[in-house]
Amino acid sequence: MAEMGSKGVTAGKIASNVQKKLTRAQEKVLQKLGKADETKDEQFEQCVQNFNKQLTEGTRLQKDLRTYLASVKAMHEASKKLNECLQEVYEPEWPGRDEANKIAENNDLLWLDYHQKLVDQALLTMDTYLGQFPDIKARIAKRGRKLVDYDSARHHYESLQTAKKKDEAKIAKAEEELIKAQKVFEEMNVDLQEELPSLWNSRVGFYVNTFQSIAGLEENFHKEMSKLNQNLNDVLVSLEKQHGSNSFTVKAQPSDNAPAKGDKSPSPPPGGSPAAAPEIRVNHEPEPPAAGGASLPKSPSQPAEASEVAGGTQPAAGAQEPGETAASEAASSSLPAVVVETFSATVNGTVEGSSGAGRLDLPPGFMFKVQAQHDYVATDTDELQLKAGDVVLVIPFQNPEEQDEGWLMGVKESDWNQHKELEKCRGVFPENFTERVQ
């Protein structure tokens with residue numbers, strides 16, 4: 001019997017809730033249609049707007065704080081791995097090994113302490129602050145439902161009073177329901193009217209405390225980390241002093257007459273200083289001029305003559321050129337030796353009956369020259385690395401379909417003069433980084 005009674009109470013409660021929902025829905029429809037007035041409280045509505053804004057800001061702050069903590073943890077892991085690498089490469093006989101290991105341990109502990117304090121003093125406080133919002137949000141929604149109940153009871157009571165045929169019993173019951181609905185609504189409304197402004201004003205102090213905690217923890221962390229870094233620097237300075245003769249100096253890649261496959265030779269120094277010329281000498285001896293007294297061509301640095309050679313025009317036999325005695329005058333004229341040897345190689349490499357197309361001072365298919373106006377860092381193995389001022393000899397693509405818009409194929413003039421091998425030296429480069437000079 002008790003069970004049945006319990007079920008009966010439950011069923012009655014469900015029926016009552018369903019009836020309330022229907023009544024509220026009907027009341028809202030009437031209010032939207034303008035057939036029933038709605039109780040308005042602009043001050044409370046402003047409090048609700050502030051509440052929603054405060055909740056949005058707090059949720060974003062919580063999200064960004066968690067992202068910050070995740071970044072701290074990632075930096076801790078990266079720093080730990082870096083220190084582990086130092087411990088592995090630090091050889092046992094080197095001085096300061098124990099100190100370096102101790103510094104690594106303290107570094108790890110400092111990161112752990114920093115992360116934990118951020119959790120305790122910022123994240124947990126943030127979670128507690130936001131923890132009060134769901135309950136208040138639910139109460140605001142419930143207050144809204146009770147307001148509809150109050151308006152509905154009020155309208156029902158008013159309709160019974162204005163009816164032509166009055167039923168005093170119904171009017172009394174409606175009045176009782178109205179008083180009850182009003183009491184429930186006003187109790188909730190008064191509580192929220194006090195809590196919402198107080199919650200809104202609390203945001204200032206919360207933001208101040210949160211960011212002061214983060215700033216203070218970060219400041220102390222960096223101070224302690226700075227001390228550890230200074231200690232590590234002292235250990236490494238001590239190591240350098242005791243192994244001074246074995247100091248590691250970063251040197252430029254040496255020029256090699258026979259570089260490994262795929263290597264690119266370094267660009268010549270700006271201005272082509274004579275002191276750097278031996279580094280890019282072509283490793284062969286000049287041969288005597290061919291019979292007929294063919295004269296030496298001019299330096300490739302003279303674009304007008306170079307273009308004539310490329311076009312097939314050769315100097316007349318027996319003509320006297322200023323570069324004819326370049327081999328003996330190179331030392332006094334400060335011309336790079338590579339230019340002299342290139343002249344000799346050009347004369348000796350002339351192919352008879354080829355109308356000048358076989359000249360070896362320019363790559364096969366040479367079209368024109370460009371000069372780099374800006375540095376370009378190669379991002380792939382098939383690209384040329386350019387420095388401002390580099391001269392590039394432009395050649396056609398082996399497969400024209402492979403050419404992308406805005407890109408040219410070429411070989412740096414310095415590389416060509418040194419190697420004479422397109423397979424090793426050619427590459428693509430962006431046209432807009434250069435300017436045509438010939």
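Trainee: Which residues form one aromatic cluster?

Mentor: F51, Y129, F133, F206 and Y207 form that cluster. Rings of Phe, Tyr and Trp (its six-membered ring) pair if their centres lie within 6.5 Å; planes under 30 degrees apart count as stacked, over 60 as edge-to-face and the rest as tilted. This is a predicted model, in which local features need pLDDT of at least 70 and side-chain atom pairs count only at pLDDT 80 or more, while totals for chains, interfaces and linings use all residues. Residues are numbered from 1 along each chain as its sequence is written, and side-chain values use heavy atoms, with hydrogens and water left out.

Trainee: How many aromatic pairs does a search of the whole structure find?

Mentor: The search finds 10 aromatic pairs. One of them is Y376 with W407, with ring centres 6.2 Å apart and planes at 75°.

Trainee: What parts does the pair of Y376 and W407 tie together?

Mentor: Y376 lies in the loop between β1 (368-372) and β2 (391-395), and W407 in strand β3 (residues 407-412), so the pair ties together parts 31 residues apart in sequence. Helices (H or I, at least four residues) and strands (E, at least two) are DSSP runs, numbered from the N terminus.

Trainee: How do you know that Y376 is buried?

Mentor: Its relative accessible area is 11%. Buried means under 20%, exposed over 50% and partly exposed in between (1.4 Å probe, protein chains only), so Y376 is buried. W407, at 25%, falls in between and is therefore partly exposed.

Trainee: What makes the pair of Y376 and F433 edge-to-face?

Mentor: The ring centres of Y376 and F433 are 5.2 Å apart and the planes are at 75°, so this pair is edge-to-face. F433 lies in the loop between β4 (427-430) and β5 (434-436), so its pair with Y376 ties together parts 57 residues apart in sequence. F433 is partly exposed, with a relative accessible area of 26%.

Trainee: Why is R436 said to sit over the ring of F368?

Mentor: The charged end of R436 is 3.9 Å from the ring centre of F368. A charge sits over a ring if NZ of Lys or CZ of Arg is within 6 Å of the ring centre and within 35 degrees of the ring normal. R143 likewise lies over the face of F44, at 3.6 Å from the ring centre.

Trainee: What makes α3 roughly antiparallel to α5?

Mentor: The axes of helix α3 (residues 97-131) and helix α5 (residues 168-242) come within 10 Å and cross at roughly 175°. Axes are lines fitted to C-alpha atoms, for helices over the stretch in contact, and angles run from 0 to 180 degrees between N-to-C directions. Angles under 35 degrees count as roughly parallel, over 145 as roughly antiparallel, 65 to 115 as roughly perpendicular and the rest as oblique, so α3 is roughly antiparallel to α5.

Trainee: How do the residues of the contact of α3 with α5 divide?

Mentor: They divide into 17 nonpolar, 7 polar and 5 charged. Ala, Val, Leu, Ile, Met, Phe, Trp, Tyr, Cys and Pro count as nonpolar, Asp, Glu, Lys and Arg as charged, and the others, Gly among them, as polar.

Trainee: Why is K173 called exposed?

Mentor: K173 is in helix α5, and its relative accessible area is 53%, so it passes the limit for exposed. E224 is also in helix α5, but E224 is partly exposed at 36%. E224 and N107 are 117 residues apart in sequence and 9.0 Å apart in space, C-alpha to C-alpha.

Trainee: How do you know that D151 is buried?

Mentor: D151 lies in helix α4 (residues 133-161), and its relative accessible area is 1%, so it counts as buried. H156 lies in helix α4 too, yet H156 counts as partly exposed at 40% relative accessibility.

Trainee: What joins the side chains of D151 and R154?

Mentor: A polar contact of 3.0 Å joins the side chains of D151 and R154. The term covers a pair of N or O atoms within 3.5 Å; within protein, one must be able to donate a hydrogen and the other to accept it, and residues adjacent in sequence count only if both atoms are side-chain atoms.
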